Amino acid sequence: MKSHPGAKIGHGLFIDHGMVLVIGETTVIGDNVTLYQGVTLGGTGKEKGKRHPTIGDYAVIACGAKVLGSFNVGENAKIGAGSVVTSSCPADSTVIGIPGHVVRSACLGHLHVHSEKNIDLNHDKMPDPIEEQIKTLQKQNLNASPSGK
């Protein structure tokens with residue numbers, strides 16, 4: 001793990017398999033955050049001042065995710081493995097992909113509330129919006145076929 005001494009790290013940070021973990025100088029990490037191997041909390045250039053992300057309480061950032069720039073990752077947010085996130089993530093949201101995009105959020109009715117006794121480590125249960133779209137198209141296609149099969 002490589003963490004800049006200027007980074008601010010909250011209580012209860014859990015680092016699972018912490019190889020090649022990078023935490024930039026102006027990074028702020030909230031309480032009870034989980035980081036998996038290969039996570040980068042970095043900047044996007046050599047600008048002055050705050051240039052690294054602020055991670056909210058109970059956030060989970062999965063293997064190989066890159067969170068780059070000065071923005072907030074909200075409380076209870078999940079960032080999927082291999083994602084590259086360069087803009088804010090709302091609280092209670094799930095962000096996946098390159099570039100990272102929100103696929104679940106509290107405003108869509110998917111609310112996950114965490115407490116110290118209920119920290120969510122199920123980062124393997126991420127939604128797959130592409131699979132969902134393909135299944136929807138398949139159903140539409142079957143319903144539109146002349147034979148109804």
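A residue counts as buried under 20% relative accessible area, as exposed over 50%, and as partly exposed in between. The structure described here is a predicted model. At 31% relative accessibility, Glu25 therefore falls in the partly exposed class.

**Overall make-up**

Of its 149 residues, 35% are buried. The accessible surface of the chain is about 8,700 Å², and carbon and sulfur atoms account for 55% of that area. Among contacts between residues at least 6 apart in sequence, 29% join residues at least 24 apart.

**The salt bridge**

One salt bridge is found in a search of the whole structure. The side chains of Glu25 and Arg51 form this salt bridge, with an N to O distance of 2.6 Å. Glu25 sits in the loop between β4 (22-23) and β5 (28-29), and Arg51 in the loop between β7 (40-42) and β8 (54-55), so the pair links parts of the chain 26 residues apart in sequence. Side chains of opposite charge can pair when their charged atoms come close. Arg51 has a relative accessibility of 17% and is therefore buried.

**His52**

His52 is also placed in the loop between β7 and β8. With 8% relative accessibility, His52 is buried. Its side chain makes a polar contact of 2.7 Å with the side chain of Thr26. Beyond four places in sequence, the residues that His52 touches include Gly24, Glu25, Thr26 and Thr27, as well as Gly69, Ser70 and Phe71. Leu41, Gly42 and Gly43 are also among them.

**Nonpolar core**

The largest nonpolar core has 20 residues. Those touching the most other members are Leu35, Leu41, Ile55, Ile61, Val67, Val73 and Ile79. With residues up to four places away left out, Ile55 touches Val28, Ile29, Gly30, Val33, Leu41, Ile61, Val67 and Val73.

**Ala77**

Ala77 lies in the loop between β11 (72-73) and β12 (78-79). Its relative accessible area is 1%, so Ala77 is buried. Apart from neighbours within four places in sequence, Ala77 is in contact with Tyr58, Ala59, Val60, Pro90, Asp92 and Ser93. Tyr58 is 19 residues from Ala77 in sequence, and the C-alpha to C-alpha distance between the two is 7.4 Å.

**Accessibility of the residues discussed**

| Residue | Relative accessibility | Class |
|---|---|---|
| Glu25 | 31% | partly exposed |
| Arg51 | 17% | buried |
| His52 | 8% | buried |
| Ala77 | 1% | buried |

Notes:
Residues numbered from 1 in each chain as written. Predicted model: local features only at pLDDT ≥ 70, side-chain atom pairs only at ≥ 80, totals over all residues. Heavy atoms only, no water. Helix = DSSP H or I, 4+ residues; strand = E, 2+ residues; numbered from the N terminus. Buried < 20%, exposed > 50% of the residue type's maximum accessible area, 1.4 Å probe, protein only. Contact = heavy atoms within 4.5 Å. Areas by Shrake-Rupley, 256 points an atom, 1.4 Å probe, with all protein chains shown as cover. Core = buried A, V, L, I, M, F, W, Y, C linked by side-chain atoms within 4.5 Å. Salt bridge = Lys/Arg side-chain N within 4 Å of Asp/Glu carboxyl O. Polar contact = N/O pair within 3.5 Å; in protein donor to acceptor, adjacent residues only side chain to side chain.
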